[in-house]
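I am opening a notebook on this protein chain. The entries below record what I looked up, in the order I looked.

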Amino acid sequence: MKRRDHLWPATTVPTPRGLQIGGVPLRDLADEFGTPAFILDEEDFRIRCRTWRTAFTDHDVFYAAKSFLCHQVARWIKEEGLGLDVCSAAELRIAQRAEVPGESLIFHGNNKSAAELEEAVAYGVSLIVIDSYDEIARLSAVAQRQGVRQQVLIRVTPGVEAHTHSSITTGTDDQKFGFSLAVGSAHRAIAQVLQTPGLELVGLHSHLGSQILRPDVFETAAERLVDLMADTARTHGALLHRLDLGGGLGIAYLPGETPLNVGDLAPLVVARVRKACEQAGLSMPRLAVEPGRAISGPTTVTLYTVGTIKRQPGLRTWVSVDGGLSDNMRPSLYDATYTASVAGRAVGGGSVESYAICGRHCEAGDVLVPSVILPADLAVGDLLAIPASGAYHRSMANNYNGQPRPPVVSVRNGTARTLVRGETLEDVLRLDVES
Ligand code: LLP
């Protein structure tokens, strides 16, 4: 059996009963777990972790929890030798419950609360990334109260355009993340942290944005940060030995897209940092990267059932599925593009037609795929699968129109297992106060 193209989870194969992932037919998964459902290929997830681990041997790979995290995923991350990038109390709690050690954690956020910082420091989170002047004082107070010297990075905005959607661009000036290099805030933050009790500045961080498709932006950012490290050594005599280049590597969402892969990116970035350090007279820092989407994104498909098919003369044929905006905000937020396939039966050979796939929500913009070619005999009750649904789908899912959030089910070696339970109507209604 031959796997489908790289858009689909690694173990996806077509069979006479439709698509199968992890040795389990999607038809059977729909029968057992209902739809919509997120189906996650555990083997693919683990392979991706290993690929990153190998590409950045001798450096740190922190998986970005915000793309998708649950207890089992945290365990896989630990088993595969990666660390975890967390950015909230909830993500930190999941990591703790899965016994991911503090030394494998990095903590992000532009407004971490004192309580979150207390918890992170108490758990021994190895690196906390400082993103405001207020946080310098806040974290210093926490560290001193707990009698520790907390290792920190400073998040720098290096002024590098990532060439991605503006809502997920974070390396340019005048936005909420980071201390600007251009206006001197990064230099001031460094000076301040170096004089602050309870904090030990060990390095710098930048995250340029997400769904990035070009390697040169990472190289440019790395060079600018090495310059800043050199400046820090000259000005303050402080040698910083960690350099975190964030996440952001893009993936394919449509057939024919061939994004950069980490095996190609890593040597370029490592070489560029090494060269910049040699020129600046610095020793090579320990690097860190924080992939989210590039690990979780391609591992998962969303499985939907077709509920209605509306044909009108001269207009697109609209196919409504039983989810939409509540399980995938990305088309509305970032004009993200997807494809879809019939998943519950064999297709091919017959005549085809163009369809628009939309969700069931009360929003005209609730369109998952504006145009896709599918069999002309597509019918109500057919299963549709949308690939590349593993990153920022379940983690950004919501209850719009009272829609219960779908389960996440992992598949491996012919076995399915619930990772995140699907919500029931009772779950959705439980916070509504009746008296
Ligand atoms: N590190 C930091 C500090 C981040 O803020 C992020 C993502 C990552 C790493 C991981 O980035 P990735 O490798 O997954 O691109 N909701 C948007 C993406 C927002 C990304 C937020 N930060 C989307 O659906 O495209």
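**Entry 1: a proline and its peptide bond**

I began with Pro36, which sits in the loop between helix 1 (26-33) and strand 4 (37-41). For the names of elements I used DSSP runs, numbered from the N terminus: helices are H or I runs of at least four residues, and strands are E runs of at least two. The peptide bond from Thr35 to Pro36 is cis, and its omega is near -5 degrees. I noted beside this that most peptide bonds are trans, and that most residues other than glycine have a negative phi.

Before going on I wrote down the ground rules. This is a predicted model, in which local features need pLDDT of at least 70 and side-chain atom pairs count only at pLDDT 80 or more, while totals for chains, interfaces and linings use all residues. Residues are numbered from 1 along each chain as its sequence is written, and side-chain values use heavy atoms, with hydrogens and water left out.

**Entry 2: positive phi**

Next I looked up residues with a positive phi. Asp58, a residue other than glycine, has a positive phi near 75 degrees. I found Asp58 in the loop between helix 2 (42-55) and strand 5. Is Asp58 buried or exposed? It is exposed, because its relative accessible area is 66%; the cut-offs are under 20% for buried, over 50% for exposed, and partly exposed in between (1.4 Å probe, protein chains only).

Asn401 also has a positive phi, near 60 degrees. Its place is the loop between strand 19 and strand 20 (408-412). With 38% relative accessibility, Asn401 counts as partly exposed.

Gly81 follows helix 3, and its phi is positive, near 85 degrees. In helix 3 (residues 71-79) I listed the buried residues: Gln72, Val73, Ala74, Trp76 and Ile77.

**Entry 3: salt bridges**

How many salt bridges does the structure hold? It holds 24, where a salt bridge is a side-chain nitrogen of Lys or Arg within 4 Å of a carboxyl oxygen of Asp or Glu.

I took the pair Asp60 and Arg242, whose side chains meet in a salt bridge at 3.0 Å, N to O. Asp60 belongs to strand 5 (residues 60-64) and Arg242 to strand 12 (residues 242-244), so the pair ties together parts 182 residues apart in sequence. Both Asp60 and Arg242 are buried.

Then I checked Asp216 and Arg214, which form a salt bridge at 2.7 Å, N to O. Asp216 is partly exposed at 30% relative accessibility, and Arg214 is partly exposed at 34%.

Arg345 is partly exposed, with a relative accessible area of 24%, whereas Asp382 counts as buried at 10%.

I also noted a network of salt bridges that links Glu42, Glu43, Arg46, Arg50, Glu79, Glu80 and Arg412.

**Entry 4: Leu249**

Leu249 is in the loop between strand 12 and helix 9 (262-280). With a relative accessible area of 6%, Leu249 is buried. Which residues does Leu249 contact, leaving aside its neighbours within four places in sequence? They are Trp52, Ile212, Phe218, Leu260, Asn261, Val262, Leu265, Arg293 and Ala294, where contact means heavy atoms within 4.5 Å. I also looked up His59, which is 190 residues from Leu249 along the chain; their C-alpha atoms are separated by 17 Å.

**Entry 5: two domains**

The chain is divided into domain 1 (4-41 + 297-429) and domain 2 (108-291), with bounds that come from an automatic or database domain assignment. Taken over C-alpha atoms, the domain centres are separated by 36 Å. Domain 1 gives 14 residues to the contact and domain 2 gives eleven.

About 1,000 Å² is buried between domain 1 and domain 2, and carbon and sulfur atoms give 65% of it. Buried area here is the accessible area (1.4 Å probe) that two parts lose on being put together, summed over both. Of the area that domain 1 buries against domain 2, His6, Leu7 and Tyr334 supply 40%, more than any other three residues.

Across this interface of domain 1 and domain 2 I found zero salt bridges.
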